[in-house]
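The report below is a reading of one model, written to be followed alongside the sequence and the coordinates.

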Amino acid sequence: MDTVCEDGKKFLENLSGSGKAIGVLTSGGDAQGMNAAVRAVVRMGIYVGTKVYFIHEGYQGMVDGGKHIVEAKWQDVSSILQVGGTVIGSARCKDFRTREGRKQAAHNLIKHGISNLCVIGGDGSLTGANLFREDWKGLLEELIEEGKIDKGVAHTYSHLNIVGMVGSIDNDFCGTDMTIGTDSALHRIIEVVDAIMTTAQSHQRTFVLEVMGRHCGYLALVSALASGADWVFIPESPPGEGWEDQMCQKLTENRARMKRLNIIIISEGAIDCDNKPITSDMIKDLVVKRLGFDTRVTILGHVQRGGTPSAFDRILASRMGVEAVVALLEASEETPACVVSLSGNQAIRVPLLECVQMTQEVQKAMDERKFAEAVKLRGRSFENNLNTYKSLSHKPKEEQPPSNFNVAILNVGAPAAGMNAAVRSAVRTGIAQGHKMFAVTDGFDGFIKGQIKEIKWADVGGWIGQGGSLLGTKRTLPAKNAEAIAEQIRLHDINAILMIGGFEAFEALLQIHHARVCIEEFCIPICLVPATISNNIPGSDLTLGADTAVNAIVETCDRIKQSASGTKRRVFIIETMGGYCGYLASMSGLSAGADVSYIYEEKFDIRELQSNVEHLTGKMKTTVQRGLVLRNENCSENYTTDFIYQLYSEEGKGVFDCRKNVLGHMQQGGSPSPFDRNFGTKISAKAMQWISKKLTETYRQDEGRVFANSPDTACLLGMRRRTLVFQPVEELKKESDFQHRIPKEQWWLKLRPLMKILAKYKISYDVSDAGQMEHVDRRLVRDFQNSITI
């Protein structure tokens with residue numbers, strides 16, 4: 001049993017799996033991240049003392065038995081974290097659909113003492129697992145009658161425990177925010193869209209891109225949002241009557257505004273409102289016939305399933321795999337088969353049957369042409385994506401009455417991927433609400449110098465996929481030049497400000513709020529969208545740019561580790577950015593399979609360093625050939641990257657050699673990840689809606705001006721668990737460590753033990769939140785809040 005402390009917390013270290021065996025299989029279509037899930041199940045299972053078995057080729061391997069069911073060792077899952085697909089194979093299996101096939105599978109499992117199954121697959125695979133569980137007792141009785149097992153064996157393995165993890169690139173399974181593989185598939189799609197955009201601009205072409213999603217339009221919708229596509233077709237929201245004319249008019253208008261390319265994204269399952277298919281060739285023929293545009297079709301196909309898993313999918317799969325093992329060991333005969341799901345920042349368990357039933361409800365609604373209901377059943381996140389795409393891709397009619405409000409937008413601090421997507425979204429949302437939008441160049445430097453000019457709808461076209469900050473950004477704070485900034489606010493009649501930036505922006509907002517008592521021009525609504533790769537802003541679990549930076553680090557770590565392939569054993573010491581915040585080092589360590597990561601938030605001394613070296617030396621004497629050590633740049637004043645490199649080099653002599661890398665500013669660069677594009681788009685649109693509301697509330701009709709000086713008019717918009725929350729910056733002061741520029745509490749510290757467990761360390765791990773079965777209907781109610789899941 002797991003240890004329970006006096007304060008009610010449960011810890012993992014004494015959770016025993018002795019005498020138990022777990023079988024892990026991947027079934028159905030493959031998805032990037034499945035190997036990370038397999039790795040986590042194997043290592044966590046071995047950690048708690050169970051035997052873990054690979055079941056190769058999915059259910060077919062379970063039916064065939066023999067060499068398809070093999071005990072897994074710790075080293076067997078080394079170096080698979082970064083590999084796409086599934087190394088244990090997957091296959092469709094007709095035999096398992098028959099009772100005879102399931103009986104054979106049961107016999108094969110019992111031969112190895114397996115009565116706990118971890119199934120990684122889609123809804124069909126998980127439904128099959130649940131049926132297997134329901135049949136289990138009857139199958140054992142038949143095996144007894146046939147003399148294949150005795151009653152003692154049947155009693156020992158009297159019930160089968162099932163825990164599922166959803167591996168599907170389509171994100172079509174109700175009961176989880178994201179399925180394993182979805183984020184990686186979006187990476188593949190966006191890579192292709194970005195590449196196509198360059199060639200399309202060269203030739204003034206229209207491209208029709210067909211993406212996967214026979215029954216679910218998630219990939220098409222999110223990739224359209226992340227690329228600023230001109231039009232999107234998805235099965236849940238068919239186009240209305242006369243869509244052909246509307247689409248052609250939109251393409252014509254875009255060309256007239258000197259846009260050199262058009263992108264149309266279509267889901268393979270796209271339909272019209274009569275449930276008739278809409279194909280990519282139909283769209284191409286329509287554009288060529290009506291408009292005469294040079295048009296090409298690209299069908300991405302299985303490219304979307306391939307390639308290296310994204311950092312998000314590696315972390316998601318690792319967390320789910322660990323939780324799946326805990327769930328299996330805690331399960332009893334009465335425990336229903338469950339699915340390990342993601343809810344905000346937490347791994348939870350939901351009943352498998354409820355998830356399957358809700359997923360089937362979506363399809364039923366679509367079959368009955370209840371499309372609005374189908375969109376709602378997909379969840380609030382899906383609906384938000386659809387509404388946001390519509391509002392940002394279709395320019396409002398010119399006759400819309402102006403609001404007579406002027407809103408300034410500026411970037412503050414270091415550049416972060418996704419800033420340009422946020423600016424684009426804010427500008428277009430503001431214009432749609434009737435405001436005049438003003439762009440401030442180079443942060444508060446530009447504000448002081450009067451580098452302020454109106455920015456129009458078309459000016460931000462093509463910004464969404466651009467890295468860095470097209471507006472320019474500086475670290476200058478406003479306090480010393482408050483009067484000069486106030487003068488510019490007067491000159492340009494600025495009624496509200498939207499800031500996008502990091503800790504400097506947070507401090508700037510505080511300074512402006514405090515200066516309101518003596519500078520009346522600062523008494524306007526001001527909102528901050530947190531954007532920094534360091535993820536160190538109080539009031540937000542995640543900041544814009546952090547996902548792109550983690551992916552950049554992980555990709556580099558993969559290449560560095562691969563560079564040692566075929567050479568002698570080698571350990572890499574890698575320094576990451578982040579200031580005093582260890583988020584990048586921690587999350588990159590978990591997703592790159594690091595042995596240890598050193599951060600400021602967890603103090604360490606020479607004894608721990610020595611222990612880590614000895615641990616790695618022990619591993620290197622086995623079949624393990626590479627080690628990875630990450631160090632946050634400000635984790636220790638004295639234990640520098642050079643010091644750690646020299647320590648490992650000296651202590652590892654004769655066993656391994658060392659190399660060090662300081663990744664530097666490459667972590668800030670690059671094209672924004674799909675997550676950051678969508679996060680920036682949605683959070684910025686939300687911020688502008690808040691500004692519009694506050695402008696209306698604080699406008700003094702008698703004086704003809706806006707006056708806002710209450711704390712709730714200077715807010716940071718942050719992600720808390722999964723909800724976007726506006727928080728007065730004054731209230732966030734008490735949550736902040738200003739000396740080290742970090743929040744006093746950080747949710748991701750709870751995940752750090754996972755990396756250690758998966759690297760074969762014995763460590764305490766809080767599982768207090770585990771074991772709580774949630775129901776899908778309750779989760780859907782919560783899902784109808786302000787979700788930002790992409």
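At what angle do the axes of helix H8 and helix H9 cross, and within what distance do they come? The axes of H8 (residues 243-256) and H9 (residues 280-291) cross at roughly 65 degrees and come within 11 Å, where axes are lines fitted to C-alpha atoms, for helices over the stretch in contact, and angles run from 0 to 180 degrees between N-to-C directions. This is a predicted model, in which local features need pLDDT of at least 70 and side-chain atom pairs count only at pLDDT 80 or more, while totals for chains, interfaces and linings use all residues. Residues are numbered from 1 along each chain as its sequence is written, and side-chain values use heavy atoms, with hydrogens and water left out.

Helices (H or I, at least four residues) and strands (E, at least two) are DSSP runs, numbered from the N terminus.

| Helix pair | Axis distance | Angle |
|---|---|---|
| H8 (residues 243-256) and H9 (residues 280-291) | within 11 Å | roughly 65 degrees |
| H1 (residues 34-47) and H10 (residues 311-330) | 7 Å | about 35 degrees |

H8 passes H9 in a right-handed crossing, and the crossing of H1 and H10 is right-handed; a crossing is left-handed if the near helix is turned anticlockwise from the far one by less than a right angle, and right-handed if clockwise. Contact means heavy atoms within 4.5 Å, and on the H8 side the contact with H9 is made by residues including Trp243, Met247 and Leu251, which meet H9 residues including Ile283, Leu286 and Leu291. By class, this contact of H8 with H9 has eight nonpolar, one polar and three charged residues, whereas the contact of H1 with H10 divides into nine nonpolar, three polar and one charged. In these classes Ala, Val, Leu, Ile, Met, Phe, Trp, Tyr, Cys and Pro count as nonpolar, Asp, Glu, Lys and Arg as charged, and the others, Gly among them, as polar.

The structure holds zero disulfides, a disulfide being a pair of cysteine sulfur atoms within 2.5 Å. Cys355 is in none, and the nearest cysteine sulfur, that of Cys174, is 8.0 Å away. Cys355 is buried, with a relative accessible area of 0%; buried means under 20% relative accessible area, exposed over 50%, and partly exposed in between (1.4 Å probe, protein chains only).

Glu57 is found in the loop between strand S4 (51-55) and helix H2 (58-64) and is partly exposed at 33% relative accessibility, while Asp442 lies in the loop between strand S15 (436-440) and helix H15 (443-449) and is partly exposed at 22%.
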